[in-house]
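Here are my notes on the model you sent. Please read them with the structure open.

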Amino acid sequence: MTAEYVHGYSSTEAGRLADQASTLTDLLHCDTSYPAGSLVLEAGCGVGAQTVTLARKSPGATFISVDISPDSLVQAKARVGAAGLTNVTFRQEDIFSLPFPPAHFDHVFVCFVLEHLADPGKALAHLGRVLKPGGSITVIEGDHGSAYFHPESAPARRAVQCLVDLQRQAGGDALIGRRPYPLLVEAGVRDVRVSPRMVYVDASRPALVDGFIRKTFTAMVDGAGAEAIRRKMIDAESWGKGIRDLERTAEPDGTFCYTFFKAVGVK
Ligand SMILES: C[S@@+](CC[C@H](N)C(=O)[O-])C[C@H]1O[C@@H](n2cnc3c(N)ncnc32)[C@H](O)[C@@H]1O
């Protein structure tokens, strides 16, 4: 059920996830905190990039953070340990076969995972099963269709489209940010509220120029280059131009926009 994971598990990708998380911490997590005593499932925690923020913001809550990748879990444990956090337990589990009893968790959190799954609706149904009635589920996803930038560039758009196409071929959906509302409603979640979180970058925001344009978005697209070229979706020269044009938007006269979507609902 899990689609081939298009970003891979390299150390470069692990670093990108950490850069992404630290750049976007306030934007994505400012309004997420869980009451003391609550038990929270973080599904698809990866290398723990979001886990540190979650656990730090809710010191009285207990987190069970699961991922299908043992290598990522090793890194996640190290990251959370280095942050001195003791309220997280990591487990290697598949979202589609979670070994927890029904209604086990007070809250569920899932970030940048559904986009990689062939059946995100089914994943939400599995997550809903282990959530208590009245508990919340939070879903955060990006949508590569929301990326626009200056200077405009057809090669840059083509490179982004290659990533979207690769992810689709792998069974995922890089445009899923527009879908959490219907997916959650379909999964029986009620009171769903989606808040778009736009990242706007220009030279007056140097941390985002580096942290978002270069280290998050362009790094993510560039990570798909070798596979896109290997599958003859694009030639190496055009790919290089696309990446250079994305990086060009980080120059003093460039601008960049991208929107994440955060959905919260109640079982
Ligand atoms: C893009 S990473 C996001 C990690 C983390 N949530 C973050 O935002 O940094 C997606 C993660 O989902 C995990 N994943 C994919 N399919 C899964 C499944 N069926 N069960 C558990 N984890 C899964 C992958 O191993 C990967 O670590």
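In which sense do strands β1 and β2 pair, and over how many bridges?

1. Basis. This is a predicted model, where local features need pLDDT of at least 70, side-chain atom pairs count only at pLDDT 80 or more, and totals for chains, interfaces and linings use all residues. Residues are numbered from 1 along each chain as its sequence is written, and side-chain values use heavy atoms, with hydrogens and water left out.

2. The first pairing. Strand β1 (residues 39-43) pairs with β2 in the parallel sense, over five bridges. Pairing here requires that DSSP finds at least two bridges between two strands. L41 has I64 in β2 as its bridge partner. Between the two strands the chain passes through helix α2 (residues 51-57), and this β-α-β crossover is right-handed. That term applies if, with the strands pointing away from the viewer, the path from the first strand over the helix to the second runs clockwise.

3. The second pairing. β2 also pairs with strand β3 (residues 88-92), parallel, over five bridges. S65 stands opposite F90 in β3. The chain gets from β2 to β3 through helix α3 (residues 70-82), again in a right-handed β-α-β crossover. Strand β2 covers residues 62-67, and five of its six residues are buried. Buried means under 20% relative accessible area, exposed over 50%, and partly exposed in between (1.4 Å probe, protein chains only).

4. Whole chain. The secondary structure comes to nine helices and eight strands. These are DSSP runs, numbered from the N terminus: helices are H or I with at least four residues, strands are E with at least two. The chain has a radius of gyration of 18 Å, which agrees with the value near 18 Å for a compact globule of 267 residues. The radius is taken over C-alpha atoms, and the globule rule is 2.2 Å times the number of residues to the power 0.38. The C-alpha trace spans about 50 × 35 × 35 Å along its principal axes. Buried residues make up 53% of the 267.

5. Contacts. Of the contacts with a separation of 6 or more, 80% come from residues 24 or more positions apart. Contact means heavy atoms within 4.5 Å.

6. Cysteines. Why are there no disulfides? The sulfur of C45 is 11 Å from the closest cysteine sulfur, in C111, so the two are too far apart for a bond. A disulfide is a pair of cysteine sulfur atoms within 2.5 Å. C45 is buried at 5% relative accessibility, and C111 is buried at 7%.

7. A224. This residue sits in the loop between α7 (206-222) and α8 (225-230). A224 is buried, with a relative accessible area of 3%. Leaving out residues up to four places away in sequence, A224 touches L163, L166 and W239. A224 and Q167 are 57 residues apart in sequence and 9.3 Å apart in space, C-alpha to C-alpha.

8. Backbone points to check. The peptide bond from H150 to P151 is cis, with omega near 0°. P151 lies in the loop between β6 (148-150) and α5 (154-169). A103 is not a glycine, yet its phi is positive, near 55°. A103 is in the loop between β3 and β4 (105-111) and is partly exposed at 30% relative accessibility. D191 is not a glycine either and has a positive phi of about 50°. D191 lies in strand β7 (residues 190-201) and is partly exposed at 47%.
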